[in-house]
Amino acid sequence: MTAIADPRTATASTRRSPGAAGWLLLSPMLFWLGLFVVAPTAILFVYSFCQRDELGQVVFEFTWENYARIADPVYLNILLRSLWYAGLTTTICLVVAYPVAYYIGRAPAQRRSWLLLLVMIPFWISFLLRTYAWISLLKAQGPVSALLQWAQLIAQPLEILYTPTAVMIGLVYTYLPFMILPIFTSAEKIDNSYIEASLDLGAGPWRTLAHVIIPLTKPGIFAGVLLVFVPSIGMFAVTDLMGGARVPMIGNVIQNQFGQARDWPFGAALGITFLVLFVIAFWFLHDRGEERR
Amino acid sequence: MSEPLSQLEWPFHSPTRPPVPASSAPLSLETMVELRGVTKRFGTATAVDAVDLQIRKGEFITLLGPSGCGKTTILRMLAGFEIPTSGQILLEGQDVSGVPPYRRNVNQVFQSYAIFPHLSVADNIAFGLKMRHVPRDERERRVNEALDLVSLKGFGKRKPHELSGGQRQRVAFARALVCQPKVLLLDEPFSALDAKLRHAMQLEVKHLQRQLGITFVFVTHDQEEALIMSDRIAVINHGKIDQLGEATDIYHTPASAFTANFIGEANLLSADIVKKNGSSAQVRLAEDVELTVRSSTIKENSTQALLSVRPEKIYITRNKPMKENAFKAVIEEEVFRGAMDELRLKVAGKLELMAMVANESAHERAWHKGDIVYCAIHTDDVVVVEQR
């Protein structure tokens with residue numbers, strides 16, 4: 001009668017501390033995490049409380065000054081703008097990616113792998129090359145402009161490059177696959193009988209989408225939102241290249257501190273602030289996700 | 001992982017429900033569902049081939065057949081998941097052939113149960129009512145009634161993954177029945193349960209159906225399940241109805257070799273027709289082995305007939321019985337099968353027969369390999385079937 005065990009009970013009974021052999025097996029992973037995640041973060045954390053001399057060398061003297069500077073309206077504005085751009089990018093990506101991901105996820109197995117390949121192909125080309133490609137596509141003398149003028153949809157050459165619109169196009173293009181893939185993974189797993197059961201119980205296609213399909217793809221949506229929102233806040237290459245550095249984002253500011261401005265402590269403070277914000281946001285999203293399950 | 005006994009034993013005792021009589025008032029002859037020449041093709045393959053079927057109001061009808069015979073496709077067309085290539089499906093006289101599933105007053109219990117994992121038990125059951133805009137108060141009342149009906153009172157707040165397989169199945173029944181469908185479709189709902197629980201559920205669901213009076217269309221490949229549960233059985237083979245009738249008819253007078261073989265066990269014997277006289281006929285199985293059979297199903301001018309004889313209908317005796325339809329045989333093999341002994345017999349040195357005899361004594365075996373015995377078969381138990 002207990003052939004179908006409660007999964008929670010099963011997990012609880014098998015969860016225990018790893019033991020000596022377990023720690024040994026875990027050690028490469030722990031080493032990797034320590035070297036590439038914990039150590040750099042710790043260095044960043046220490047730097048964020050340091051000062052710098054006139055030449056930009058880090059001076060190990062404690063100060064809150066770097067964090068105090070973040071509260072400056074200039075930086076707060078840039079931060080808010082970055083959040084707004086990242087939020088908009090995430091929203092557009094979600095709206096565009098969901099139907100695509102769902103379609104791929106529900107497609108017959110063979111067509112599915114072809115469609116997935118099409119989503120992945122851009123990754124084979126350097127990100128910078130793809131961004132430059134967009135620049136030449138969108139520039140005033142570029143093919144898009146020419147086509148639109150030929151079709152008499154616009155009278156003047158296209159003036160889209162180095163505007164916020166171009167930045168949005170670049171950001172959405174860059175992060176779209178990161179939204180498609182996790183949602184695809186969720187959609188692929190939905191057993192067809194859930195959809196049929198919903199239709200059977202009187203829900204039309206739209207209500208089936210709202211009450212069954214979207215709730216069941218929630219893990220994918222959460223993952224996709226995180227994968228797009230988090231990196232797009234810190235993105236500086238697209239904003240630099242396609243925005244012509246006219247609309248600085250927080251990513252550009254941070255990059256600048258470590259580059260031209262040579263103010264590593266301030267850059268570190270910005271980075272740490274971001275990290276904390278992300279962790280809080282992740283906890284929030286994660287808890288909501290757990291609750292929904 | 002031990003669960004309170006009361007949760008597991010739902011099929012055996014249900015304190016909240018009065019006992020249900022095993023058989024109820026005679027079935028109505030009104031037609032609930034009618035299939036008229038329904039054909040379904042997938043590409044070049046014909047899954048369902050010009051099926052005509054009338055399903056009566058309040059009956060428990062089973063579509064029985066091997067996998068790939070088209071029974072599930074018929075069910076899916078009744079649900080609205082598939083649209084017939086040609087033909088009509090009428091629900092209470094209305095043509096619903098092209099009506100989508102969400103606009104049909106028909107519900108299904110899925111083989112996998114398809115309990116929504118993101119909703120609680122109560123929300124799962126309330127789903128259909130919510131989609132039909134039933135007000136909240138009434139919804140809550142009906143959900144509680146449905147939980148009570150399937151003896152899951154107090155389980156409303158649980159999540160599906162906290163339930164056992166049997167409990168999930170009861171949620172699936174409650175979720176479908178709470179919508180008060182005209183027809184309940186059941187797609188092999190017991191296939192995931194272990195044998196004991198399955199049998200208990202079979203009887204319980206049969207009683208539930210009698211109690212509610214809802215038309216049940218049940219799909220299974222398990223002949224025993226079909227015999228236990230159904231008022232009528234439609235045996236399906238290669239997309240066609242091979243035979244339609246009550247369980248006892250189908251078992252005792254199968255129309256074809258396929259049905260005889262698929263339901264229970266059968267000796268299929270080809271015989272030469274010696275002579276026909278009125279309602280009976282004389283057929284020859286082998287040299288000196290002749291049987292008298294009913295001639296009603298023998299075609300005009302045919303010289304050959306295919307006979308079906310159930311193994312338990314062959315009476316084995318030591319001494320030559322004073323009956324017709326008796327002949328000598330040798331026991332080739334004796335197989336212990338629990339309640340029954342299976343005897344492999346050879347007649348006239350070539351004809352092989354299987355007989356089942358009750359296993360009466362634990363201490364000594366009645367029959368042994370090599371014994372020479374007499375077989376007797378009642379004329380009514382020899383059924384002339386069609387070769388298909």
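Two strands pair if DSSP finds at least two bridges between them. Keep that in mind for this tour of a predicted model.

**Stop 1: the whole of chain B**

Chain B holds 9 helices and 20 strands. Of its 388 residues, 38% count as buried. Now think about contacts between residues at least 6 apart in sequence. In chain B, 66% of these join residues at least 24 apart.

**Stop 2: strand β8**

Select residues 215-220 of chain B. This is strand β8, and 6 of its 6 residues are buried. In a regular strand, side chains alternate between the two faces of the sheet. Look at each face in turn. On one side sit T215(B), V217(B) and V219(B). On the other sit F216(B), F218(B) and T220(B). Both faces of β8(B) are covered.

**Stop 3**

Which residue of β8(B) stands opposite L185(B)? It is V217(B).

Now trace the chain from β7(B) to β8(B). The path goes through helix α6, residues 195-212 of chain B. This β-α-β crossover is right-handed.

Find T62(B): it stands opposite F218(B).

**Stop 4**

Leave out residues up to four places away in sequence. V217(B) then touches I55(B), I61(B), L63(B), L75(B), L78(B), V183(B) and L185(B). Nonpolar side chains tend to be buried together in soluble globular proteins.

How many residues make up the largest nonpolar core? It has 81. L78(B), I125(B), A174(B) and V217(B) touch the most other members. A second, separate core has 45 residues, including A101(A), Y175(A), L176(A) and A268(A).

**Stop 4: an open sheet in chain B**

Move to the open sheet of 5 strands in chain B. Its order is β15-β19-β16-β17-β18, and the pairing is antiparallel. Select 314-317 for β15 and 351-358 for β18. Why does one side of each lack a neighbour in the sheet? Both strands stand at the edges, each with a single partner strand, so one side is left without a neighbour. Neighbouring strands of this sheet are turned by 45° against each other on average, direction ignored.

Now pick β16 (residues 326-337) and β17 (residues 340-347) of chain B. They run antiparallel, with 7 bridges between them. Find I331(B) in this sheet: it stands opposite L345(B) in β17(B).

**Stop 5: V253 in chain A**

Switch to chain A and select residues 250-258. This is helix α13, and V253(A) lies in it. Is V253(A) buried or exposed? V253(A) counts as buried, because it has 20 C-beta neighbours inside 10 Å. Set aside neighbours within four places in sequence. V253(A) is in contact with Y75(A), I78(A), P248(A) and L270(A). Use the distance tool on V253(A) and L270(A). They are 17 residues apart along the chain, and their C-alpha atoms are separated by 8.8 Å.

**Last stop: confidence in chain A**

Colour chain A by pLDDT. The average is 87, and 92% of the residues score at least 70. Then select residues 1-13 of chain A. There pLDDT stays under 50. The model has 14 contacts beyond four places in sequence for this stretch. Where pLDDT is low, the predicted coordinates should not be read in detail.

Methods. Residues numbered from 1 in each chain as written. Chains lettered and ligands numbered in written order. Predicted model: local features only at pLDDT ≥ 70, side-chain atom pairs only at ≥ 80, totals over all residues. pLDDT = per-residue confidence, 0-100. Contact = placed C-beta atoms within 7 Å. Helix = DSSP H or I, 4+ residues; strand = E, 2+ residues; numbered from the N terminus. Axes fitted to C-alpha atoms, helices over the stretch in contact; angles between N-to-C directions. Core = buried A, V, L, I, M, F, W, Y, C linked by C-beta atoms within 7 Å. Buried ≥ 20, exposed ≤ 12 C-beta atoms within 10 Å, placed from the backbone. Right-handed = clockwise from strand over helix to strand, strands pointing away.
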